[in-house]
Amino acid sequence: MLYYRKMLERGIEKLGSLFKRDARKWTVTLPDKGKVTYAGIQWLTKRANLYEKDFVRPGTAALRTNISRHQSVAMKTLCRDRYLQILLESGTYTFWHMFVIRNPYGEAPLAALALFQTSEVCGVRVTVQGDNAYSAELPPSRLHRVPILGLYAGRENPVEIELIDEKGNVLGKRTIPVQTRRIPSDLNDLFDIKKMAQEPAFKNILISGGLDIRTCAFDKAGEIRYYLRRQVKGYGIFPLAGGRFFFMEKRVSRPTYTNPTAVQGHDMDYLGRVHKTYFSEKGMHHTLEEKTPGGNFLVGSGTMEGHSEDLLEELDRQTGKVVYNLRMDQLFDPSYVDWFDWAHINSAVYYEEDDSLLISLRNLHSVVSVDYTTKKLRWILAPPDFWKGSTVESELLKPVGNVRWIYQQHAALFLEREEGDDPDCRRMMVFDNHWARRRSAESFDDDKQSYVSIYEINEKEKTVRLAQSFGHRKSKIRSNGIYCPEERRVYSMAGMFARPLEGYNGGIYEFDHDTGKCLSRIYVKPGFFRAYDFTPDAARLAEPLCYNPETDDYFCGDLQRPRLLSEKERAGTDLRQNTGKSVFPEDIFIEEDVLFAGGIDHDIRRIYFVGKKEIYASFYDDTEQTMSDVFGNVYYYVCTWLDQLPPDRYEVVLDVKGKLLKTGKWIEKIPGPAASA
């Protein structure tokens, strides 16, 4: 026991020294006689939080409460970005005396930011040196915010920063050290590179989603060069235009008939900045794509009318409001709407050229094209026998030649047209898992492989031809394919092997598009959802955030709000007296003006707000868990927006599995413009 106690004390002492370092600022003189001032994350946080009052939302200011209040990641981003810009504009730091902070926004531990001014306008090139150097160039400026990405973990990284004129000439050069900590233990030994192309199309690959892996990027040597501290939902992150991505929160969900779906998500960048937080009342799952670059979001959701994962919603990029929806049950024969997860949307892409949606429906073995405006089915790519005798049989694409049909496929998208393509045909890429465990199909051939397949589709004649196919070890769920036209490469991101191979559960394959030869083969220890090219936009990351509190809102979307209980709903329940004591009041907290309450899936049925005048409630009992063996023990937070509660003092009471429990927590809504919104 004494040995373990000493080890614990050493661990605490070491942890304390790290926190002490994080809380201070120090200056180092380097061999080039220049200086670098480093700062820790706590030092930045303490100073940045002085600007929180500049960004407080009106609804937040109208609340008084004894509930623990957490700073939202959006607020954290705004405060830190504001202070860093003030620091830059102060003129304190120059090329020969830079300011550097690692992981300034607390979300990306292998990223850093350097700040300095120059007397003349010039560009910057920044390079993390090493066996696989990571480099980026920034546009000309006098005020330089230099994002440093691709740092190696657990070492002192030499980072070269060069000043460049308009002709590309180097005006000045410095190499500064940036120290990083070791990666978390769950990121150790993730990749086994069995084979690597001499010049792979992707220099760094981003792994996203799955249950047992953080979002991370690795280089061609298999070393982690980027990861996110925050755990994402199992669907992972979704790349957006401008080097950004959409992050679905793992810990904030809503109950469904199957897998709890994410209710909170963030528009983020690779420095870890949250540009905006979105809420979705019906939840978000499996897919999120920009309708057009920088435009609205298309996101998988669910009707929650006896079914999950059967609704496509379009969210306004600015407000987060639902501006369009497409129900899958309005497209197909009603006889197919026969169980809770009957459709299972896993990808949806909009094409402006013909105003169409391309949607992959895993549990229907189908990829469908739908007219966006009329919501009419245009065609179906699927095994013909699956839809035989149905009301939509006439919409099936007819095979030309020998066509291998898709089964429980993922990630369908059209490829851009290339020179020599048939003008009457479009090429569609899809990851064909070739798996039929969720719903049977008579024509399923029990092929032992999965495929990234490219189909040629003639939409006028409603025909389909299998143009190319790249096969490999079976991946039963998840997964995606990517085509790289310039390099003539095809990537297959096999997210979940049907059977582990040498202790690895997923794989990444790089193929020569023209010969079909496998050039790279990488095994991934845990399964994942999708993988992508790691492509941050350094120029965008170098820009300060532009936020106007009078016109912008970093919390947006549609989220359940407490509604007034009717006399019938209150009958037989004395919420003011006959309640027990909550066993987990510490699992209630508030971010801005949104309340979160944690519990096991479907345990929290209602949150009551018992006022002196009236009683309000938010409801989470509109579904029942049908797959309790898989999802029945998932712990997450449900949430509700408090902005429209009328002025009053409210006691918070939970309905947990039918039992009313007092939390000892209260909210007081004070009168004012926000309170009457």
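Phe-247 sits in strand β15, which spans residues 244-249; strands here are DSSP runs of E of at least two residues, helices are runs of H or I of at least four residues, and both are numbered from the N terminus. The model is a predicted one, in which local features need pLDDT of at least 70 and side-chain atom pairs count only at pLDDT 80 or more, while totals for chains, interfaces and linings use all residues. Residues are numbered from 1 along each chain as its sequence is written, and side-chain values use heavy atoms, with hydrogens and water left out.

With a relative accessible area of 1%, Phe-247 is buried (buried means under 20% relative accessible area, exposed over 50%, and partly exposed in between, with a 1.4 Å probe and protein chains only). Leaving aside residues up to four places away in sequence, Phe-247 touches Leu-228, Arg-230, Gln-231, Val-232, Ile-237, Gln-264, Gly-265, His-266 and Met-268, a contact being heavy atoms within 4.5 Å. The C-alpha atoms of Phe-247 and Tyr-523 are separated by 25 Å, the two residues being 276 apart along the chain.

One of these partners, Leu-228, belongs to the loop between β13 (224-227) and β14 (232-239). Leu-228 counts as buried because its relative accessibility is 1%. Beyond residues up to four places away in sequence, the contacts of Leu-228 include Glu-107, Arg-214 and Thr-215, along with Ile-237, Phe-245 and Phe-247.

Turning to the chain as a whole, seven helices and 45 strands are present. The radius of gyration is 27 Å, close to the 26 Å that the globule rule gives for 677 residues, so the chain is as compact as a globular protein of that length; the radius is taken over C-alpha atoms, and the rule is 2.2 Å times the number of residues to the power 0.38. Of the 677 residues, 58% are buried. Among contacts between residues at least 6 apart in sequence, 61% join residues at least 24 apart.

The largest nonpolar core holds 116 residues, and Ile-161, Ile-207 and Ile-508 have the most contacts inside it. Such a core is a set of buried Ala, Val, Leu, Ile, Met, Phe, Trp, Tyr and Cys residues joined through side-chain atoms within 4.5 Å. Apart from this core lies another, of 47 residues, among them Trp-342, Ile-345, Leu-364 and Val-403. Not counting residues up to four places away in sequence, Ile-508 touches residues including Ile-205, Ile-207, Phe-218, Tyr-491 and Phe-528.
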